Amino acid sequence: MEAEVIWVVVAGALVLFMTPGLALFYGGLTQTKSAVNMMMMSFAAMGLVAITWTLWGDAISFGSSIGGLFGNPADNFAAFASFEAAGDELVWVGFGGTFAIITTALISGAIADRAKFSAWMIFVPIWLTLVYAPLAHWVWGDGGLLVEGGLIGDAVGEAVDFAGGLVVHMCAGLAALALVLVIGPRSNFAPTKPHNVPFVLLGASILWFGWFGFNLGEAGSTDEISLNWLNTMLAPAAALTAWLLTEWARGKKPSPVGAASGIVAGLVAITPAVAHVPPVGAIILGAISGVICCFAVDFKYGKYDDTLDVVGLHFVAGLWGTIAIGLFGYEDIYGDGRTGLLIGGGFELLIAQIVAVVVTLVFAFGATYIIGMAIHKTIGFRVDDGIEETGIDSAAHQTEAYATISVDSRS
């Protein structure tokens with residue numbers, strides 16, 4: 001077995017492990033009465049996305065392009081062509097599936113405490129098919145809209161997104177915003193305390209651990225692997241530090257939730273740029289993401305109820321990381337190609353990044369809003385008021401996060 005295949009197997013396992021880490025992160029942040037439901041939404045995504053991706057999602061993302069809009073689902077339906085080809089093709093199908101799983105699961109944090117589990121189960125495969133997979137084709141597929149050979153890519157230059165600033169984080173953050181606008185705010189829309197801070201810190205740690213598979217899985221050389229590894233350590237470290245310092249500067253105490261959120265912000269921001277900035281660039285990129293996301297998570301109050309700050313972390317940091325490439329990044333850090341505006345490269349790369357951001361914004365938000373509204377107007381996307389008040393766990397899953405033991409006072 002070739003070393004590359006072995007590494008992709010390991011990297012894919014690391015990325016898959018990120019989703020249980022996300023479940024812990026989200027589960028710890030939410031209220032006790034809905035913690036199980038929050039975690040179950042991540043696990044449901046693992047099951048539904050893995051199946052949908054293998055049946056047709058991978059082919060829509062990476063099959064032969066149909067007008068630059070999506071790949072032909074018949075090219076590799078049920079991974080049959082990859083199976084017949086043998087070799088390492090099935091490993092790459094699985095690796096792509098782990099990205100699709102974590103992207104879909106990320107959305108769930110925005111609608112915590114009030115979404116029907118049945119509606120989520122319907123939403124997941126539809127959204128993967130109509131939003132995530134086409135966008136992956138546009139950014140990473142052969143002939144997609146935003147790459148060389150695609151309509152927009154040929155017009156303004158190919159967009160650069162190593163591991164998912166557009167496809168994963170901006171897409172998930174925009175989908176989250178669309179859904180919260182569809183289903184509305186919680187009845188008690190106000191700052192709430194996380195019910196289990198150790199879960200939050202453990203979940204963030206698992207995410208950081210798994211992110212090394214996320215950012216290194218498709219590295220094409222030893223040089224790139226080395227750079228990506230260091231940048232994946234540096235950006236979240238800088239964001240964590242910057243977030244805590246920002247809390248201090250705002251007159252607050254440095255918080256463990258802030259530390260965990262800073263880690264996530266830095267990881268999100270470095271994702272598209274990990275192979276396109278030097279180590280000092282990763283530190284700058286991470287530090288700025290920690291500051292801006294610390295402010296962004298408070299923007300929602302009085303505007304939209306993004307329960308666990310999917311928009312404030314993933315959309316904002318993903319947007320910043322994608323644009324930053326056009327400011328101080330390199331299209332090919334170890335070779336020739338376009339460079340960022342602030343390092344003498346002109347506007348070409350920056351324009352390509354901005355156009356890709358706008359296209360992603362319009363498509364991911366608009367398509368998700370339509371899907372969410374269709375579900376909401378038919379079966380309904382949110383639970384009844386009474387269930388929201390008492391908690392979804394018992395109603396949807398017949399269980400609670402923490403069992404209570406009745407003690408007979410006479411014993």
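The model I am reading is a predicted one.

**Largest pocket.** I looked up the largest pocket and found about 670 Å³ of space in it. Its lining has 26 residues, of which Thr192, Val257, Asp298, Tyr301 and Asp309 are the closest to the centre. Helix H1, helix H9 (222–249) and helix H10 (256–273) each supply at least two residues of this lining, and H10 gives the most, with three. By class I noted twelve nonpolar, five polar and nine charged residues.

**Second largest pocket.** I then turned to the second largest pocket, with a volume of about 550 Å³. Of its 23 lining residues, Val139, Trp140, Asp161, Phe162 and Glu218 come closest to the centre. H4 gives the most to this lining, with six residues, and the classes are 13 nonpolar, three polar and seven charged.

**Cavity.** My search for cavities of 30 Å³ or more returned one, and I noted a volume of about 70 Å³ for the largest cavity. Leu22, Phe25, Leu106, Val264 and His314 lie nearest its centre among 13 lining residues, which I sorted into eleven nonpolar, one polar and one charged.

**Surface patch.** Last, I recorded a nonpolar surface patch formed by Val280, Ile284, Ile288, Val291, Ile292 and Phe295, with about 460 Å² of accessible area together.

Conventions
Residues numbered from 1 in each chain as written. Predicted model: local features only at pLDDT ≥ 70, side-chain atom pairs only at ≥ 80, totals over all residues. Heavy atoms only, no water. 1 Å grid on protein atoms, 1.4 Å probe; cavity = no way out; pocket = protein on both sides within 12 Å on 5 of 7 lines; lining within 4 Å. Points joined across faces, edges and corners; volume = space filled by probe spheres on them. Nonpolar A, V, L, I, M, F, W, Y, C, P; charged D, E, K, R; others polar. Patch = residues over 30% accessible without salt bridge, like charges linked within 9 Å, V, L, I, M, F, W, Y side chains within 5 Å. Areas by Shrake-Rupley, 256 points an atom, 1.4 Å probe, with all protein chains shown as cover. Salt bridge = Lys/Arg side-chain N within 4 Å of Asp/Glu carboxyl O. Helix = DSSP H or I, 4+ residues; strand = E, 2+ residues; numbered from the N terminus.
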